[in-house]
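Please keep the sequence and the 3D view at hand while reading.

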Amino acid sequence: MKKKDFETFSKQVGGVSRRDFLKYCSIMAVGMGLPMSVGAKIAEAVTNVAKRPPVIWLSAQECTGCTESLLRSTHPTLDHLILDLISLDYHETLSTPSGHLAEEARAQSIKENKGKFVLVVDGSIPVKDGGVYCMIGGKPVVEILKDTAKDAAAIIAIGSCASWGGIPSASPNPTGATPVHEIIKDKPVVNIPGCPPSPYNFLSTVLYFVTFNKLPELDNLGRPKFAYGRLIHENCERRPHFDAGRFAIEFGDDNHRKGYCLYKLGCKGPETFNNCPSILYGDTGSGSWPVGTGHPCFGCSEKGIGFNKPIFSLASLHMVTPPDTYPHVTEQRGTGATIAAVAVVAGAAGAAIAAGAKTYKKLDEEEKKEGPGKKG
Amino acid sequence: MEIKRRDFLKVSAAGGLMLAANADPALAAREPKQRLPEALGILYDATVCIGCKVCVSACKQHNDMPPDFSSTDRTWDDPLDLSSRTLNIIKLYKNGTGEVKDRETDGYSYIKRHCMHCVDPSCISACPVSALTKNPENGVVRYNKNACIGCRYCQIACPFNIPKFQWDKAFPQIKKCQLCDHRYATGGYSACCEFCPTGASIFGRVDDLIKEAKRRLSLTPGEWAHYPIGRVDSKHTSYRQVTPYINHVYGEKEGGGTQFLMLSNVPFEKLGLPPLTDKPDAAVSEGIQHTIYKGMIAPIVFLGGMIYAVYQNTKNECE
């Protein structure tokens with residue numbers, strides 16, 4: 001990106017220097033597992049105002065956690081994101097207008113950017129009873145979603161609710177909460193699960209789409225592979241403790257204080273695909289993710305784990321690996337009887353025989369006393 | 001029917017004599033088979049092994065083997081020995097305080113165990129249906145599940161206790177290392193060697209491996225030397241300080257020679273390897289067998305004797 005190009009753009013960026021901006025773009029590229037040089041390409045894509053992607057953000061049955069998580073991202077900051085990088089045309093929490101004005105903005109954006117905008121959905125969609133459990137502007141959200149999705153260039157389901165159903169779909173699922181990909185079937189839906197997901201998994205996906213005009217590589221559950229390709233267990237900082245069999249058995253015990261593995265406290269790392277141990281969470285430095293704080297991973301981003309499996313139940317292992325102990329050259333299976341053990345058993349048996357003999361003798365004597373005739 | 005004690009003893013003695021005449025191993029043993037010129041194998045150097053067990057993991061992965069549990073909570077793939085689910089294993093020798101690596105007393109050593117791919121394998125000799133065969137070029141001992149009748153003679157015959165039987169399957173097979181020969185076509189080789197980070201297991205022609213082993217034995221402990229990583233002819237080496245060795249290449253001659261060779265500084269019998277003579281068991285047993293049955297003369301004579309004895313003893317009843 002040339003300096004001249006940046007100058008035309010710098011007014012929009014505000015206080016950000018060209019250097020910082022390019023650095024940020026490179027970080028995003030590396031985060032997605034792309035070469036550094038792609039950073040320049042990303043910079044070009046997002047500074048091109050004509051190409052700045054319009055984003056419509058729909059919220060269904062959600063807690064705003066996904067938005068909150070996004071609000072706390074620092075590279076870029078949210079203002080930088082929504083003012084400079086994307087054109088956030090509709091977002092129920094962040095929009096300045098409200099009520100009918102907001103709805104109008106959405107309608108207008110859809111009309112203007114037909115087939116070009118990115119649709120982001122957070123929260124699960126209630127479908128029971130005609131979808132009356134979540135209404136916006138008098139319309140069930142399921143209808144709004146279907147209407148909007150028709151004209152979207154890409155659909156991103158952010159958060160576990162939009163991806164798998166999340167908390168609202170937990171048994172007995174009173175509202176018929178449904179994930180987005182089960183409603184929109186004619187278009188690919190990118191799932192960014194997590195409760196809330198790391199904002200960078202979302203931002204990287206959006207920027208990848210803006211830069212290359214296609215979606216990043218997805219796994220069979222629609223998750224971007226760059227973020228959800230590995231089990232948490234694989235990159236966990238406590239993994240050596242797992243391999244060595246050093247486990248915290250209960251909260252606050254000696255082993256827990258020593259930072260041992262949390263598997264036996266119900267850590268779902270071995271069955272949850274996410275990049276938490278690699279990129280951490282919340283930009284507050286090392287150890288800033290659930291396992292880092294001493295709490296077992298809860299599997300928030302994994303279908304059928306978070307909100308389904310009890311928090312402290314044992315995870316099932318996806319890949320079983322050797323421990324860092326070794327079998328001995330000749331493994332002893334049982335040591336045979338020691339002399340002491342034999343003596344004890346023999347003693348007990350001897351006593352039993354003696355007692356039996358004595359009883360028998362007694363009975364015999366009694367029988368003789370009573371005589372054969374009286375035998376009952 | 002009444003067999004006269006005298007007659008019975010007579011016949012028994014005749015049979016026994018006949019067997020004894022042929023059964024002298026020294027006379028009966030056939031010529032041991034020779035190492036194939038293009039034989040492939042593995043050299044395992046216990047002094048270079050760091051016990052990381054990537055060979056165990058890589059073997060499982062590239063042979064599609066399921067995990068094997070020895071603990072009740074099934075947390076790790078932690079077999080105690082080779083099994084129908086585990087084709088190779090790293091074991092630990094530990095003595096006393098176990099302070100120093102590769103030392104017999106108060107030290108420890110790793111040892112890798114899997115099929116030795118013998119030059120003259122007992123399992124092939126014992127197999128009645130040729131389910132086990134030796135590749136005529138690279139000498140890999142292969143198993144054919146379609147020929148196997150499940151007699152498990154190979155298990156009893158193997159002096160290294162290698163072939164394992166799937167006791168838990170309805171249609172069981174024998175499982176053992178086949179030197180990853182399914183990977184050669186695509187340029188791969190034994191996964192345990194390909195993924196070994198230190199060069200403790202290296203793959204190559206057995207002749208080259210023996211040369212490499214001899215080279216290592218000729219080095220002076222304390223000097224620095226290159227140890228190839230992956231394959232014996234690899235340019236990729238680790239440069240390390242030489243540690244002492246016992247001056248012996250296990251498998252060069254043991255049991256007629258094997259294609260899996262080992263170096264160590266702890267005596268091999270301490271590492272669970274049987275002390276074998278240079279003569280392969282297969283040559284001895286086959287020698288006895290083939291001499292007894294040569295031209296079917298001895299069996300026919302023996303059968304004739306038996307028939308005669310029976311005839312003598314039942315003559316009266318028949319009449």
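What covers the buried residues of helix 6 of chain A?

## Basis of the model

This is a predicted model, in which local features need pLDDT of at least 70, side-chain atom pairs count only at pLDDT 80 or more, and totals for chains, interfaces and linings use all residues. Residues are numbered from 1 along each chain as its sequence is written, while chains are lettered from A and ligands numbered from 1 in the order in which they are written.

## Helix 6 of chain A

The cover includes strand 1 (54-59), strand 2 (87-91) and helix 7 (141-150) of chain A. Helices (H or I, at least four residues) and strands (E, at least two) are DSSP runs, numbered from the N terminus.

In helix 6, A:Arg106, A:Ser109 and A:Ile110 are buried, meaning that 20 or more other C-beta atoms, placed from the backbone, lie within 10 Å of a residue's own. Because these residues cover an arc of only 100° around the axis (by the directions from the axis to the C-beta atoms), they are on the same side of helix 6 of chain A. On the other side, residues including A:His100 and A:Glu104 are exposed (12 or fewer such atoms; partly exposed lies in between).

Chain B has nine helices and 13 strands, and 35% of its 319 residues count as buried.

Definitions and conventions. Contact = placed C-beta atoms within 7 Å.
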